[in-house]
Amino acid sequence: MTGRLQGRVALVTGASRGIGYFLAKALAAEGAHIIAVARTVGGLEELDDEIQSAGGSATLVPLDLMDMPGIDRLGGAIHERWGKLDVLVLNAGALGVLAPLGHIEAKTFDKTMRINVDATWRLIRTTDPLLRASDAGRAIYLSSGAAHSTKAYWGLYAATKAAGEAMIKSWANETRNLALRVNSVNPGATRTAMRALAMPGENPDTLPRPADVAAKILPLAFPDLTETGRLFDVRQDRFLTYHMPD
Ligand code: NDP
């Protein structure tokens, strides 16, 4: 297999379904070895079958991202086996609940923060030295338009995505002079389980398929990418301009 990611190693969280599943497949089709993380073993195995039958390879990591020491151990295992990481896709996420902020249960708030924010930071912390060890480290964070639109009842999810984008921008500024490139993505409404949970009355057939969305995100993993600290909008198929005060 030859491709733009031949010989590279890519870690994808939330690879058992939805956008992460198809992004993992697309990265593998470009030659990357995939480290596929999620809780649902069936989804990971299905991904592995598809990747293998297309001539690629994957390592399956059944892991609950609520398990912070587990994330640390994953970083250690990647260090021992490969000594570097070329692509990190921070895709796993939880919607939490759509509700007025004053009505959200503390348990739901804490769990959503833990998966979307704590785990994102923990993954950044454990992979930062590994990505720096690559000659073309790429990190891609799946954000959401919700981080900016901050609509009524979306406050919890919006806050987690805004926190994620803030970490990504800071990380990009810390690594601007290195080979590492770090960007956020707004995939836009996509035909997945999370979207169906958020908008149960919507006809999914009206939404873009996750495979098509993943194809638009894929180039952010390529070694020739120059942008860093930016937000890529899938629907517009371009990077947006952040206001970056000094
Ligand atoms: P899905 O709900 O279809 O998939 C979410 C993925 O995250 C699954 O693979 C799931 O795996 C994984 N995940 C969730 N919780 C955990 C956990 N505790 N530990 C490990 N893995 C976990 O979501 P989408 O594909 O729709 O979303 C992907 C990303 O894109 C998310 O970050 C989402 O916020 C963002 N996004 C999606 C939009 C959409 O319209 N779909 C719009 C804007 C942003 P498992 O359950 O097997 O653990």
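Visitor: How far does a backbone N or O atom of Gly14 lie from an oxygen atom of the ligand?

Guide: Keep in mind that this is a predicted model. A polar contact here is a pair of N or O atoms within 3.5 Å. For Gly14, the backbone N or O atom sits 3.1 Å from a ligand oxygen. Arg39 uses its side chain instead: one of its polar atoms is 2.7 Å from an oxygen atom of the ligand. At Leu65, a polar backbone atom is 2.9 Å from a nitrogen atom of the ligand.

Visitor: And how much of the ligand does the protein bury?

Guide: On its own the ligand would expose 880 Å², and 96% of that is buried by the protein.

Visitor: Which residues should I look at around the ligand?

Guide: There are 29 surrounding residues, the closest being Arg39, Thr40, Asn91, Tyr157 and Thr192. By type, that shell has 13 nonpolar, 11 polar and five charged residues. Look at α7 too: its three residues are the largest share of the shell.

Visitor: What about the pocket itself: how much space lies in the largest one?

Guide: About 1100 Å³. The lining counts 47 residues, and Gly93, Ala94, Tyr157, Thr192 and Met194 are the closest to the pocket's centre. The ligand's space is this largest pocket.

Visitor: Which element gives the most to that lining?

Guide: That's α7, with five residues. Other elements giving two or more include α1, β2 (33–38) and α4 (106–132). In the lining you'll find 21 nonpolar, 17 polar and nine charged residues.

Technical notes: Residues are numbered from 1 along each chain as its sequence is written. This is a predicted model: local features need pLDDT of at least 70, side-chain atom pairs count only at pLDDT 80 or more; totals for chains, interfaces and linings use all residues. Side-chain values use heavy atoms; hydrogens and water are left out. A residue is near a molecule or strand if one of its heavy atoms lies within 4 Å of it. A polar contact is a pair of N or O atoms within 3.5 Å; within protein, one must be able to donate a hydrogen and the other to accept it, and residues adjacent in sequence count only if both atoms are side-chain atoms. Accessible areas come from the Shrake-Rupley method with a 1.4 Å probe; for residues, only the protein chains shown count as cover. On a 1 Å grid over the protein atoms alone, a cavity is a set of points where a 1.4 Å probe fits but cannot get out, and a pocket is an open set with protein on both sides within 12 Å along at least five of seven lines; lining residues have an atom within 4 Å of a point. A molecule sits in a cavity or pocket if more than half of its atoms lie within 2 Å of its grid points. Helices (H or I, at least four residues) and strands (E, at least two) are DSSP runs, numbered from the N terminus. Ala, Val, Leu, Ile, Met, Phe, Trp, Tyr, Cys and Pro count as nonpolar, Asp, Glu, Lys and Arg as charged, and the others, Gly among them, as polar. Grid points are joined across faces, edges and corners, and a volume is the space filled by probe spheres set on the points.
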